[in-house]
Amino acid sequence: LAGRDLELLALEQVASSARTQEEQRAEALRRAMEDSQKLALELAEKSEKLQKEEAGNRMHLAEIAQQGEEISASRGREEQLRQRVACLERDLEEARAAAARAPP
């Protein structure tokens with residue numbers, strides 16, 4: 001009977017050790033899942049932040065493009081005005097020359 005008791009005691013110790021190991025594994029898995037959830041949340045927050053930054057950057061680029069178009073249009077109007085001034089100066093010179101040739 002004593003041998004049987006020792007055998008049962010040994011089996012209980014093995015079972016207890018196996019339960020302890022299983023509990024430790026379960027705890028490690030639970031912690032790993034918590035860490036994974038935390039990382040997923042951090043990733044989602046960073047992704048949202050980057051999307052907002054990207055949207056802001058797109059708006060800024062659109063503003064810069066609009067300013068570029070306005071500058072280009074302004075340069076075009078400036079060139080038209082230069083040509084008009086040159087034409088008026090030629091007309092003025094021709095009028096002066098005609099006035100100088102006209103009899104008094």
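## Helix and overall form

Helices here are DSSP runs of H or I with at least four residues, numbered from the N terminus. In this predicted model, the chain has 1 helix and 0 strands. Helix α1 covers residues 2-101.

The chain's radius of gyration is 44 Å, whereas a compact globule of 104 residues would have one near 13 Å. Along the principal axes, the C-alpha atoms fill a box of roughly 155 × 15 × 5 Å. One pair of residues gives a sense of scale. S47 and S17 are 30 residues apart along the chain, and 44 Å separates their C-alpha atoms.

## Exposure

Buried residues account for 0% of the 104 residues. The chain exposes about 9,600 Å². Carbon and sulfur atoms supply 57% of that area.

S47 belongs to helix α1. Its relative accessible area is 31%, so S47 is partly exposed: the class lies between buried, under 20%, and exposed, over 50%.

## Salt bridges

Side chains of opposite charge can pair when their charged atoms come close. The count here is 9 salt bridges.

E7 pairs with R4, with 3.7 Å between the closest N and O atoms. Both residues lie in helix α1, 3 residues apart, which is about one turn of the helix. R4 is exposed because its relative accessibility is 52%. E7, at 45%, is partly exposed.

E22 and R25 form another salt bridge, at 3.4 Å from N to O. These two residues are separated by about one helical turn because they stand 3 residues apart in helix α1. E22 has a relative accessible area of 46% and is partly exposed.

## A linked network

R31 and E27 meet in a salt bridge of 3.5 Å, N to O. R31 has a relative accessible area of 43% and is partly exposed. E27 is also partly exposed, at 32%. Within helix α1, R31 and E27 are 4 residues apart, about one turn. Salt bridges with shared partners join E27, R30, R31 and E34 into one network.

## Charge along the chain

The chain carries 17 positive and 22 negative charges.

A patch of negative charge lies on the surface, formed by E89, D91, E93 and E94. E89 sits in helix α1. With 47% relative accessibility, E89 counts as partly exposed.

Notes
Residues are numbered from 1 along each chain as its sequence is written. This is a predicted model: local features need pLDDT of at least 70, side-chain atom pairs count only at pLDDT 80 or more; totals for chains, interfaces and linings use all residues. Side-chain values use heavy atoms; hydrogens and water are left out. Patches are made of residues with over 30% relative accessible area and no salt bridge: like charges are joined within 9 Å, nonpolar side chains (Val, Leu, Ile, Met, Phe, Trp, Tyr) within 5 Å. Accessible areas come from the Shrake-Rupley method with a 1.4 Å probe; for residues, only the protein chains shown count as cover. A salt bridge is a side-chain nitrogen of Lys or Arg within 4 Å of a carboxyl oxygen of Asp or Glu. Lys and Arg count as positive and Asp and Glu as negative; His and the chain ends are not counted. The place of a charge is taken as NZ of Lys, CZ of Arg, CG of Asp or CD of Glu. Buried means under 20% relative accessible area, exposed over 50%, partly exposed in between (1.4 Å probe, protein chains only). The radius of gyration is taken over C-alpha atoms; the globule rule is 2.2 Å times the number of residues to the power 0.38.
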